[in-house]
Amino acid sequence: MEIRDMKQLIVISGKGGTGKTSLLASFAAQAGKAVTADCDVDAADLHLLLAPQIEHRTSFSGGKVAEIQPDLCNGCGTCEELCRYDAVTKTSRGTAAKFEISVGKKARERKHGAPHHGRHDLYAIDKIACEGCGVCAYFCPREAITFDDEENGEWYVSSTRFGPMAHARLLPGAENSGKLVTVVRNEAKRIAEENGLDLILIDGSPGIGCPVIASVSGVDLAVVVTEPTMSGLHDLDRVVELTRLFDIETAVVVNKHDINEDMTEKIEDFAKRQGIRMLGGIRYDEAVTKAQIEGATVVEFSDGPASKDVKRIWERARELIAEEG
C-alpha cells in the first residue's frame, strides 16, 4: 500500500568528489528508519560506508546489441552502409571469427544454408560503438545479424546497519545508466511501501546528465553539495538550473567552507539571489577521511567539527523536508 506522506530527499553535486556520498551516508545514520538508494550507478560507492549485505540481485539489461554471425555473412556490406555510428568494421573471415571470440561470444551454428567460404569481405560489429538501434539486423538480407538483450549490470536489494538499501552496479563501458537509476528508485519505493517507511534517502549522480535527471525527478528536496571555489559556484549554478526546471525544492551545503571564506560568502550570496535555502557549511576535518578508511560515517566515528556540522545540517534538512507536500 502506498504511503501518502512518503518523502524523498536526494543529495547531488555538480561534479564528483565534493562529499556528496559522505553526507548522504551520515543522513542515513541519523534518519532512523529510512530506505537508502545509491543512484550514482556509474560510480557507486555508498556501499563502502554502509557495508550492505546483499539479499537479492537481478541482472539489468538496458538495451540490445547487434552481432554478425560469420558463417552466415556473405559480405554484401548492407550493414556498413546503413550504420550511422561507424560500428561496422570490414574484416577478413579469419579476423571476423577472432573478433567475435574476443568480445566474449563464439560463432553460433549456422541457421541459413551452407557457410560461405569464398574470398569476399566480411564484417564485424564493434560492441562499444554500437548504439543498439537494430537497423543492421532488420535490413540484413541473410538474417546474419542477431539482435539480443545485452547485460549492462546488476541491481541489488540489501540490508545495512541503518536499514534497507537499493543499489546497482553498471558494467564498465555500459550505457543506459538512466534506466538503471529508474530501476533503483522504483525498488527503493517498493521497499519503503512494503516496510511502512516514509523516507527515502537518495545518493544521486553528479553533474546534470541523464542519470541525474532520472535521479531527481519527483523528489521532495534536493540537497546540493558544493565547494568554496569558482568551479564549485559554476557547477552549483548549473545544478540549480536543473532542479528549478523540475520545480524541486533545493538547498545548499558548502563542504570545507572554512578553507575559502570569501568564496563561501559568494556562494551564500548566490543562494540568496536564487531564493535557495542554505543548510550550512561543513568545516574541514581530517576525521572525515579517517572515518572513510574505517568504513564509517563521520557522525559515527567522531564528535569533531565536521560531525557537529553534519548533525546540524541534518536537523535543518529534516525540518525542511517536513514542510514539503
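Author: Gladly! Let's begin with contacts: two residues are in contact when they have heavy atoms within 4.5 Å. Keep in mind that this is a predicted model. Among contacts in the protein chain between residues at least 6 apart in sequence, 82% join residues at least 24 apart.

Reader: What makes a residue count as buried, and what share of the 325 residues is buried?

Author: The cut-off is a relative accessible area under 20%. Buried residues make up 48% of the protein chain. In helix α6, the residues under that cut-off include Leu180, Val181, Val184, Ala188 and Ile191.

Reader: How do you know what span is expected of α6?

Author: Take 1.5 Å times one less than the number of residues. Helix α6 covers residues 177–195, which is 19 residues, and the expected span is 27 Å. From first C-alpha to last, α6 reaches 27 Å, so the span is close to what the rule expects. After α6 comes glycine 196, with a positive phi near 65°.

Reader: What makes a residue part of the lining of the largest pocket?

Author: A lining residue has an atom within 4 Å of a pocket point. For the largest pocket, 31 residues pass, and Gly19, Lys20, Ser22, Val288 and Gln292 lie nearest the centre. The pocket's volume is about 600 Å³. Helix α1 gives the most to this lining, with five residues.

Methods. Residues numbered from 1 in each chain as written. Predicted model: local features only at pLDDT ≥ 70, side-chain atom pairs only at ≥ 80, totals over all residues. Heavy atoms only, no water. Buried < 20%, exposed > 50% of the residue type's maximum accessible area, 1.4 Å probe, protein only. 1 Å grid on protein atoms, 1.4 Å probe; cavity = no way out; pocket = protein on both sides within 12 Å on 5 of 7 lines; lining within 4 Å. Points joined across faces, edges and corners; volume = space filled by probe spheres on them. Helix = DSSP H or I, 4+ residues; strand = E, 2+ residues; numbered from the N terminus.
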